[in-house]
Amino acid sequence: MAKFSMPQRRTRTTSPLSFRLLAWVLLSSSAFTLLASGLQIHADYQNDLEEIQQRLERIEAGSASSLARSLWALDEQSIEIQLKGILGLPDIDHLRLKIAPDSELVMGELPRNGDTLTYSFPLVHESNKDLTLGELTITANVNRVYTELRRRVGFIIGTQFLTVFIVAIISLWIFRHLVTRHLTAMADYTRDLSLQNLSQPLTLDRPNRRDELGLVTEAINEMRERLNDDVARRERDATEILKLSKAIEQSPSSVLICDKHWQIEYANRKFGQLTGHKPSEILGRHPSTLINHDMNSHQARQFWQTIQLQVQRVGVWQGEINSVRRNGERYWEQLVITAIKDANGQINGYLILGEDISIRKRYEQQLLRQANYDILTGLPNRMLAMDRLKLALAQARRDKSEVGVMFLDLDNFKHINDTLGHDAGDTLLVEASRRVSSCLRGASTVARLGGDEFLVILPGVSDPNAPCQVAERILHTFATPFSLADQEVFVTTSIGIATFPTDSGDSGTLLRHADAAMYQAKHAGKSAYARFTPDMTEVSHERLQMESLMRKALEQGEFELFFQPIVDTTSGRVMAAEALLRWNNPVLGLVMPDRFIPLAEETGLILTIGEWVINEALLEAAHWRREIGLELQVAVNVSPRQFRDAGFLDRISRALEAANMPADTLELEVTERLILDNSIETADILKQLDQRGIRLSVDDFGTGYSALSYLKSYPFNTLKIDKSFVHDVLKEAEDASLVRAIINMAHSLGLRVIAEGVEEEAQSHFLQTEGCDCSQGFFYGRPMSSQAFSHWLQTNGRANKDRFNV
């Protein structure tokens, strides 16, 4: 029987299902037995008849020839003996032998009752087959076959029915043992199953098999588990409902629940903290009486009608409201209002969630300002400036007026930044923005586009000369020196002017034209303004074209190094060579450094170009040593941007290693503005270069700020006098005195002096007299290509093969 711990009921002793199974087994087995027995008996009957027939055929085969010979011989005794032998066979009761021509011999008796089987065959002459001697007719009795058939029928039917009955009884017992008792146990289990006793599963007293009973058992147990899960889920739901209720009550957002008529039914604790209203005081009121005190009744109705329509249409409304607390304090609140629907989708209430977003709104306003205004100067940035320019153009189209656009760029700002530091540069930008702003009136806008570039928008211009007048006022304000890093510094600005609609009809083109005019002002000598003219577009396009072509020039092999000799002033012997970069472009032709180097510094291409120059210069120096036998130094100009690059020292080291040259082969020429930077980083890099044996030179000395006090602080080896002083050394006494002073000062500091721009022999004699160490200029040799310079070294009789050391 089945085993389970639930209360047991007495199982039934009878099983209608078992008896119905027994009846069906008996009926079906009996029908099948009758059919099978009938087929078997009929087959046995046919086999017996066939056996008698075969026996008659064997008599013909065995006796026909001997009987024919006996008839031919008229041997009656032999014929009788043979017939008696045939008559003695089983089932043979009668023989009739017809003897030609008209006699016959009969033996035996014909059966009176029952069926017979007759068989006849002729007797012919053994040699003459056409001679018939007689005919023998044999009659066989089949009563024996019928008797045997009846016996078999009785036996077969009796044994088959006995077998069927026994099998049915055994099947009934097996079915009751394997099926019905378990079905009864299942019925008792399910009858007693309830929500109070779901812990005990149904188990049957049988092996765990994957048959139908096993599947039904699993199904019942799964049903029990689902019921158990449902009970547990209901308990969890109750717990979740309690938890949800606590969460709503303790929510950091204010919660209001209204009925379908917008009457408040519930308010959580946070709502009272946020608004100052006690939840018990607002039950039954409409939310419109609480949200915004500034709304009159008509506005409140319209506001909530809009909300109600949207909630009913899409199920939710959310927005931000500048609301007021009970004490009158104003704050920003974000509301989310959703519809509460029943199982049929009908709205039966509303949920209102509120959150104080005052802090977020302040951050948003701050971010909005940061997105539209420059942090350093407080001026509108490029994005806001472009918006205002588009608005000004739209207004001008309506009013048939003009708009002036001024593009400002501070002159030599990069020099100030590199020399006095970024803090001084920031101070300059702030003061410059203040000065420009002070020159504007009304709805004009000044914006910082980035770096040291400013944009001025003059809307509603009626006088075509008004932008020029503003530009003159700005230039006048810049005439006053700026106080930067405890120094008075004069900084000017270059201004480009373009007007709408004369110069362009859209903001982007107008800005580009003002930019082109600004570059024209810079080329004109700076501290000036220029109005846009159509021919300036070509200059702007040329600058863009040059930048685009320069980005591809290095990989396409368009750069080339020229070399100018540096000679000993007294002996005229070649001591070194200065590497000078040239750019030979298929479109622009031969471009000199003063045209593309400033642009390379602005775009940052100077880093890769400068690295290439140093590598090529050292490789050429290695070539001179290997092929010509001269150990010459090679001088390379280095821009401040290269010098401050983080990987500058590593690039120098890799270049020396690649050329397999000693460090003192390379001399780096730096400008005075780098010296005046006077930063820890500058001093450290100069010190590391000196420790590695790389020579350092001050280029164009005397053209910028006075750096005499700084020379002794840095490990320089050489000082180069600018060619502007050497050019008039024989004509201007002041220049001669200045060159003489520079030579004496440099020698007192242990520096070698090189004079640039020596073009006449008299200049050379003056330098010899004043003790200048080396000279460089057209008098000794013009800048030459690497091949031409190598040839010059080989053919110059004054060249020597001794290394020059200072």
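**From values to words**

Guide: Gladly, and let us start with helix α26, where Gln787, His791, Gln794 and Thr795 are exposed on one side. Please keep in mind that this is a predicted model.

Visitor: What makes the buried residues of α26 line one face of the helix?

Guide: The buried residues here are Ser786, Phe789, Ser790, Trp792 and Leu793, in a helix that runs over residues 786-795. Looking down the axis of α26, you find these buried residues within an arc of 160°, so they line one face. The exposed residues, among them His791, are on the other side.

Visitor: Which elements do the buried residues of α26 pack against?

Guide: Their partners are β17 (559-568), β18 (574-585), α17 and β26 (784-785).

Visitor: Let us follow α17, then. Why is α17 called roughly parallel to α19?

Guide: The axes of α17 (residues 606-628) and α19 (residues 648-659) cross at roughly 25° and come within 9 Å. Angles under 35 degrees count as roughly parallel, so α17 is roughly parallel to α19. The crossing is right-handed.

Visitor: Which residues meet where α17 and α19 come together?

Guide: From α17 there are Glu611, Ile614, Asn615, Leu618, Leu619 and Ala622, and from α19 there are Phe648, Arg651, Ile652, Arg654, Ala655, Leu656, Ala658 and Ala659. Sorted by class, this contact has 10 nonpolar, 1 polar and 3 charged residues.

Visitor: What makes α3 roughly parallel to α4?

Guide: The same cut-off of 35 degrees applies. Helix α3 (residues 143-192) and helix α4 (residues 212-249) have axes that cross at roughly 10° and come within 11 Å. The angle is under 35 degrees, so α3 is called roughly parallel to α4. The contact between α3 and α4 divides into 8 nonpolar, 4 polar and 1 charged residues. Among those that meet are Leu178, His182 and Tyr189 in α3, with Val216, Asn221 and Arg224 in α4.

Visitor: How do you know that Asp409 counts as buried?

Guide: Its relative accessibility is 10%. Buried means under 20%, so Asp409 counts as buried. Asp409 lies in strand β10 (residues 402-410). Beyond its neighbours within four places in sequence, Asp409 is in contact with Asp452, Glu453, Thr493, Ser494, Met518 and Lys522.

Visitor: Are Trp262 and Lys400 buried or exposed?

Guide: Trp262 has a relative accessible area of 3%, under the 20% cut-off, so Trp262 is buried. Lys400 has a relative accessible area of 75%, and exposed means over 50%, so Lys400 is exposed. Trp262 is in the loop between β5 (254-259) and β6 (264-267), while Lys400 is in the loop between α10 (382-399) and β10.

Visitor: Why point out the backbone at such places?

Guide: Because most residues other than glycine have a negative phi, and most peptide bonds are trans. Trp262 is not a glycine, yet has a positive phi of about 65°. Lys400 also has a positive phi, near 60°.

Visitor: Where is the cis peptide bond?

Guide: The cis bond joins Phe500 and Pro501, with omega about 5°. Pro501 is in the loop between β15 (493-500) and α14 (507-523).

Note on methods:
Residues numbered from 1 in each chain as written. Predicted model: local features only at pLDDT ≥ 70, side-chain atom pairs only at ≥ 80, totals over all residues. Heavy atoms only, no water. Helix = DSSP H or I, 4+ residues; strand = E, 2+ residues; numbered from the N terminus. Buried < 20%, exposed > 50% of the residue type's maximum accessible area, 1.4 Å probe, protein only. Contact = heavy atoms within 4.5 Å. Axes fitted to C-alpha atoms, helices over the stretch in contact; angles between N-to-C directions. Parallel < 35°, antiparallel > 145°, perpendicular 65-115°, else oblique. Left-handed = near helix turned anticlockwise from the far one by under 90°. Nonpolar A, V, L, I, M, F, W, Y, C, P; charged D, E, K, R; others polar. Arc of directions from axis to C-beta.
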